[in-house]
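Student: Hey, can we go through this one together? I'd like to start with how the strands pair up.

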Amino acid sequence: MALLGNAGADDGNWVILPASALDRILSVGLGYPMLFRVQNAATLEASHCGVLEFGCEEGFVHVPAHAMARLGLEEGDLVLLTSTSLPKATSIKLRPHTTDFLGAKDHKELLEYNLKNYSTVTVGDTITVAEGDKRYLLDVVEATPADAVSTLDTDCEVDFATPLDYVEPPVAPAPVKVAAAPCQDCAHGGERRFAGVGIRMDGKPVEQTPPPAPAPAPGSSGKGKSASENVLRFFSGRRLPPPGAKSAKKVDGEEDKDAKRFAGQKYTL
């Protein structure tokens with residue numbers, strides 16, 4: 001039967017046994033802590049529990065309501081209790097039923113306070129964690145070093161699995177990159193853009209501006225050029241002979257008078 005008239009007893013996994021059970025335990029010298037394996041005699045579904053007190057009527061054992069649901073028991077069903085010894089828990093993994101538990105203020109303090117109601121935890125059990133008026137249900141999915149462990153006087157690491165009602169947020173679609181269409185000249189391997197023919201509004205032909213001469217390369221100098229390319233020449237109205245001519249031309253049998261211009265001696269300072 002479920003615990004009746006015992007405030008808070010249904011929040012843990014402690015059972016109430018008759019006084020005759022205490023006499024039997026003392027006679028066999030059972031030590032502390034008193035841990036038991038409780039099993040449904042019909043289905044053999046089993047869990048573990050501790051003893052809260054010895055005060056129920058003979059022939060009955062009071063089991064928390066959630067433990068009865070876990071074992072598939074109803075009031076008046078036959079149960080088997082066997083004394084057992086369990087290793088101390090070193091780590092357990094819990095799965096909250098709802099994501100509301102993730103918003104609790106201090107999970108460590110909350111679990112330390114509520115696990116005092118549980119002397120053992122068994123993989124497959126569901127424990128209740130209370131925070132004020134709120135009640136959170138957590139499934140035991142893993143336990144170390146065994147599937148059934150004692151939570152009395154031990155330091156235990158606690159991990160959490162994804163809540164049962166957790167839904168993955170929708171993934172935003174990746175942006176689609178649209179490649180720009182190449183220009184007509186680029187498609188044919190050309191480098192010109194906006195190729196075409198200019199037209200004037202008055203109908204006259206458009207004068208084509210010659211391309212500018214390429215600028216000399218940076219750092220280049222006049223070295224390597226011939227002397228004639230570096231000389232400026234000023235011409236008179238008549239054509240002068242090219243530089244390097246050996247003799248003056250004759251016109252009608254006479255020497256060109258231009259050859260005799262600037263005749264004289266030169267002096268060096």
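This is a predicted model: local features need pLDDT of at least 70, side-chain atom pairs count only at pLDDT 80 or more; totals for chains, interfaces and linings use all residues.

Student: Okay, and how many bridges join strand β2 and β3?

Tutor: Five bridges, and the pairing of β2 (residues 35–40) with β3 is antiparallel.

Student: What's the order of the strands in the sheet they belong to?

Tutor: The order is β1-β3-β2-β4, in an open sheet of four strands with mixed pairing. At the edges you find β1 (14–18) and β4 (79–84), each of which pairs on one side only. From one strand to the next, the twist averages 50°.

Student: Which strands does helix α1 lie across?

Tutor: Helix α1, residues 19–28, lies across β1, β2 and β3. Its direction is at about 90° to β1.

Student: Let me pick a residue. Where does His48 lie?

Tutor: His48 is in strand β3, which covers residues 46–56.

Student: Is His48 buried or exposed?

Tutor: Buried, because its relative accessibility is 12% and the cut-off for buried is under 20%.

Student: What does the side chain of His48 make a polar contact with?

Tutor: With the side chain of Thr122, at 3.1 Å. If you skip the neighbours within four places in sequence, His48 also has contacts with residues including Asn13, Phe36, Val38, Leu86 and Ala148.

Student: Asn13 is on that list. Where does Asn13 lie, then?

Tutor: Asn13 sits in the segment before β1. Asn13 counts as buried because its relative accessible area is 7%.

Student: Which backbone oxygen does the side chain of Asn13 reach?

Tutor: The one of Thr120, at 2.9 Å. Thr120 is also among the residues in contact with His48. Beyond four places in sequence, the contacts of Asn13 include His48, Cys49, Pro64, Tyr118 and Thr120.

Student: Nice, that ties a few things together. New topic: what's the order of the strands in the sheet with β7?

Tutor: That one runs β7-β8-β5-β10, and it's an open sheet of four strands with mixed pairing. The edge strands are β7 (126–131) and β10 (157–160), each pairing on one side only. Ignoring direction, neighbouring strands here are turned by 35° against each other on average.

Student: How many bridges join β7 to β8?

Tutor: Six, and these two strands run antiparallel, with β8 covering residues 134–144.

Student: Which strands does helix α3 lie across?

Tutor: Helix α3 (residues 107–114) lies across β5 (91–96), β7, β8 and β10. Against β7, helix α3 runs at about 115°.

Student: How far apart in space are Val167 and Thr99?

Tutor: They're 9.6 Å apart, C-alpha to C-alpha, while in sequence they are 68 residues apart.

Student: Zooming out, how many helices and strands are in the protein?

Tutor: Four helices and 12 strands. Of the 269 residues, 25% are buried. Taking contacts between residues at least 6 apart in sequence, 73% join residues at least 24 apart. The accessible surface comes to about 20,500 Å², and 55% of that belongs to carbon and sulfur atoms.

Terms used:
Residues are numbered from 1 along each chain as its sequence is written. Side-chain values use heavy atoms; hydrogens and water are left out. Buried means under 20% relative accessible area, exposed over 50%, partly exposed in between (1.4 Å probe, protein chains only). A polar contact is a pair of N or O atoms within 3.5 Å; within protein, one must be able to donate a hydrogen and the other to accept it, and residues adjacent in sequence count only if both atoms are side-chain atoms. Contact means heavy atoms within 4.5 Å. Two strands pair if DSSP finds at least two bridges between them. Axes are lines fitted to C-alpha atoms, for helices over the stretch in contact, and angles run from 0 to 180 degrees between N-to-C directions. Accessible areas come from the Shrake-Rupley method with a 1.4 Å probe; for residues, only the protein chains shown count as cover.
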